[in-house]
Amino acid sequence: MTAATPITFEIKSANFPLVALLLKSTDLAALAREMTQRFGDIPDFFDQDALVIDLSPLQGAVASAAAGIDFPALVALLASYRLVPIAVKGGNPAQMAAARQAGLAPAQDAHLLTPRPAPASAGQPAPPAHQQQAQVHAAPLGALVIDKPLRSGQQVYARGRDLVVLAMVNAGAEVIADGHIHVYAPLRGRAIAGARGNTEARIFALALEAELLSIAGIYRTSENPLPPEVTGHPTQVRLVESPDGEKLVMTPML
């Protein structure tokens, strides 16, 4: 037979970064509530990101592993947050069969990149550090620059890049970035850097008076007052390793 190269297509191997949802409960009503708490006020946190549903956390408890999962409802729930479920891994045979019936491909050997938790409300504690997953590092883009004051209730999200704010971030306002956050004015609201898991992200403020600080899912709220040496002063906030896990460290810049 004479070999011929197809004109209309070509098939090649591909490496594709995937977001992973580690499903810890089959209670989809509870999942919907927690998704709303985490992502309800950040509608563009995901942008048609391909997702693998990881069922391995369910296998630790016999009762949970035996429970059925309504995969069509789960897929619809995730799609409402602009996630695109394409595969499933880590389930028992019954769960994997149900997932295939819902159009999800088995992905036992998938390489998963799982973002840390999204910002919580100021009164909501962050998950323990040992529950937080590997980082997703967005491709670098030019910084998003905001040159007007942010009032209470306003929110700015620099997706996949740094955020530079040249005016005051008032109490009740929120600045979020996948990269660094620079505030060349008083920072009195909430600042969330490394929102998709970048532990190298930092927060810089000309006058630190924040209600909430977060880097890659590690939080500090105003319930724990800022150290006096940084309150109202130029400050850098970063993550460091400690015997108890990662923690936020605030260092005066002058």
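How are α1 and α3 oriented relative to each other?

## Two helices side by side

In this predicted model, α1 and α3 are roughly parallel to each other (an angle under 35 degrees). Helix α1 covers residues 28-39 and helix α3 residues 71-79; their axes cross at roughly 5° and come within 11 Å. Those axes are lines fitted to C-alpha atoms over the stretch in contact, with angles from 0 to 180 degrees between N-to-C directions.

On the α1 side, the contact (heavy atoms within 4.5 Å) is made by Leu28, Leu31, Ala32 and Met35, and on the α3 side by Ala73, Leu74, Leu77 and Leu78. Sorted by class, this contact has eight nonpolar residues, no polar and no charged ones.

## The protein overall

The protein has four helices and 15 strands, taken as DSSP runs (H or I, at least four residues, for helices; E, at least two, for strands). Of its 254 residues, 45% are buried, meaning under 20% relative accessible area with a 1.4 Å probe.

Among contacts with a separation of 6 or more, 46% are between residues 24 or more positions apart.

## A look at Ile192

Ile192 sits in strand β10, residues 190-193. Its relative accessibility is 1%, so Ile192 counts as buried. Ile203 lies 11 residues away along the chain, and the C-alpha atoms of Ile192 and Ile203 are 8.1 Å apart.

## Reading the numbers

Residues are numbered from 1 along each chain as its sequence is written, and side-chain values use heavy atoms, leaving out hydrogens and water. Local features need pLDDT of at least 70 and side-chain atom pairs count only at pLDDT 80 or more, while totals for chains, interfaces and linings use all residues.

Technical notes. Parallel < 35°, antiparallel > 145°, perpendicular 65-115°, else oblique. Nonpolar A, V, L, I, M, F, W, Y, C, P; charged D, E, K, R; others polar. Buried < 20%, exposed > 50% of the residue type's maximum accessible area, 1.4 Å probe, protein only.
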